[in-house]
Amino acid sequence: MADQLTVIVLAAGGGTRMKSKTMKVLHRIGGRSMIGHVLGAVGVLEPTRVCAVIGHQRDQVGPHILECLPEAVLAVQEEQLGTAHAVRVALEALAEQQAAPEGGTVLIAYGDTPLLEGGTLRWFAAEHEAAQAAVSILSGVVEAPQGYGRIVRDADGDVLAIVEEKEASDEQRAIKEINSGILAFDSGFLLDAIGRVGNDNAKGEYYLTDTVQLARDAGLTVTAFPVDDVWQTEGANDRAQLADLGRELNRRIVTRWMRDGVTVMDPATTWIDADVVLAEDVTILPGTQLLGTTVVAEDAVIGPDTTLEDCEIGAGARVVRTHGQLAVIGDGATVGPFSYLRPGTKLGAHGKIGAFVETKNAQIGDGAKVPHLSYVGDAEIGEGTNIGAGTIFANYDGVNKHRTKVGKHARTSSNNTFVAPVTIGDGAATGAGTVVRKDVPPGALAVSAGQQRNLPGWAQTKRAGTPQADAAAAASPAGKDPDDA
């Protein structure tokens with residue numbers, strides 16, 4: 001590949017057919033924006049320079065592009081006057097940054113083709129350079145070419161023109177090779193030709209495809225290289241097309257992971273974002289979504305019916321029917337069913353977060369267990385400790401959040417409330433129903449309830465005539481007055 005490679009990404013259009021307050025290229029599939037996918041593909045090339053052309057909602061699009069690719073130069077297209085005008089704006093912006101192309105290749109891509117792959121761009125640029133062409137077109141052969149510009153070749157296969165469908169003859173409409181819009185230029189030719197592109201057309205716009213005729217008139221080479229995988233050149237103009245691209249992207253991601261040694265029980269109901277990392281021998285059960293930068297280690301089993309976003313799951317862990325975000329699960333730990341892991345949750349190796357448990361900003365030690373029906377917020381639980389069913393870590397006083405610390409190998413009973421801030425020492429215990437309002441020393445038993453009292457005959461006296469009173473009377477010793485008990 002040439003020493004100098006410039007990539008221009010066009011992302012200025014409004015995308016009105018999306019019917020959205022969000023700019024088209026910022027709509028997301030597979031965990032990234034559409035333009036994020038494109039910039040990821042561009043980054044694979046390690047180009048000399050990248051310029052992104054922005055226009056509509058530039059205050060949102062520009063910072064997002066720089067977040068994805070900090071070295072990119074931003075060019076603002078104030079009026080959207082066509083693709084050639086956008087490229088001219090990009091070249092002017094590069095010149096202002098003293099980064100104008102000096103020889104080599106200029107590659108034009110679009111911000112709404114999220115399935116585009118870096119390997120395809122590298123192949124295309126290499127073919128363009130090998131052909132010593134002034135202009136090269138990334139084309140595709142499709143069975144239903146309606147709506148696309150056609151690649152017209154001569155008898156020798158050389159490219160004569162790109163003809164838009166509305167201007168094509170019946171014979172040209174029968175051509176199945178289409179223009180993807182992704183182009184490669186010799187930089188010297190482009191710098192000369194871009195100022196000579198006119199706008200003598202129905203829309204009064206400057207079309208980049210007109211450079212094909214300029215190259216032909218100059219006796220220069222124009223080539224087209226059909227890509228086998230036409231999906232890579234598909235854009236999304238509305239949400240239905242975006243959904244189609246999302247399904248195809250997900251199918252590819254899931255298939256890749258299965259080929260890399262991951263068991264996916266039901267690919268049709270499994271969604272995996274592009275930045276998720278899975279180890280060999282991970283098993284994913286139906287109805288699972290792995291989102292963001294989730295990482296799952298070997299032999300872990302995830303699902304069914306589980307959503308994990310930006311989570312880290314240890315080797316051999318088991319997570320079932322759980323919703324988790326920004327949580328870390330240790331090796332061999334178990335979570336679920338019906339657990340809710342909020343940000344800051346960290347479960348140690350071989351620990352347990354059980355059914356109907358919600359955790360937030362909670363560090364739960366190795367081998368520690370929160371098995372049932374509990375809320376653990378702003379807490380630290382030591383290794384080997386067991387938290388009884390129905391326990392509430394009362395972390396909020398109405399103004400501030402406070403932490404609770406439970407030591408190692410403690411045993412707390414059911415229906416406890418820990419009123420933070422409070423510390424329960426190593427090896428301590430609590431009685432059932434206890435409300436802990438002050439620290440519990442190591443090894444101590446904390447109880448807060450008074451002595452139980454029974455009021456005999458209460459149901460017959462206070463609920464006379466009800467099924468409750470009748471049942472109580474029937475169960476009482478025959479002839480015994482409840483008031484005499």
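Ser33 is buried in this predicted model. Its relative accessible area is 1%. The cut-off for buried is under 20%, so Ser33 falls in that class. Ser33 sits in strand β3, which covers residues 32–33. Which residues does Ser33 touch, once its neighbours within four places in sequence are left aside? They are Val25, Leu26, His27, Arg28 and His64.

Now turn to His372. UniProt, in an unreviewed entry, places the feature "active site" at this residue. His372 belongs to strand β29, residues 369–372. His372 is then in contact with Ala355, Val357, Gly388, Ala389 and Gly390.

Next, step back to the whole chain. The protein chain is divided into domain 1 (5–233) and domain 2 (239–446). How far apart are the C-alpha centres of domain 1 and domain 2? They lie 46 Å apart. The two domains also touch. On one side, 17 residues of domain 1 take part, and they are in contact with 11 residues of domain 2.

Empty space comes next. Rolling a probe the size of a water molecule over the atoms shows where empty space is left. Look at the second largest pocket. It holds about 400 Å³ of space. Two elements give two or more residues to its lining: α1 (34–44) and α8 (239–259). The lining is made up of 18 residues. Those nearest the centre of the pocket are Leu115, Leu116, Glu117, Leu249 and Ile253.

Which element gives the largest share of this lining? It is α8, with seven residues. What kinds of residues line the second largest pocket? Eight are nonpolar, four are polar and six are charged.

The pocket also brings us back to the domains. Its lining draws at least three residues from domain 1 (5–233), and at least three from domain 2 (239–446).

Key: Residues numbered from 1 in each chain as written. Predicted model: local features only at pLDDT ≥ 70, side-chain atom pairs only at ≥ 80, totals over all residues. Heavy atoms only, no water. 1 Å grid on protein atoms, 1.4 Å probe; cavity = no way out; pocket = protein on both sides within 12 Å on 5 of 7 lines; lining within 4 Å. Points joined across faces, edges and corners; volume = space filled by probe spheres on them. Helix = DSSP H or I, 4+ residues; strand = E, 2+ residues; numbered from the N terminus. Nonpolar A, V, L, I, M, F, W, Y, C, P; charged D, E, K, R; others polar. Domains from an automatic or database assignment. UniProt positions renumbered as here; feature names shortened; annotations may be inferred. Contact = heavy atoms within 4.5 Å. Buried < 20%, exposed > 50% of the residue type's maximum accessible area, 1.4 Å probe, protein only.
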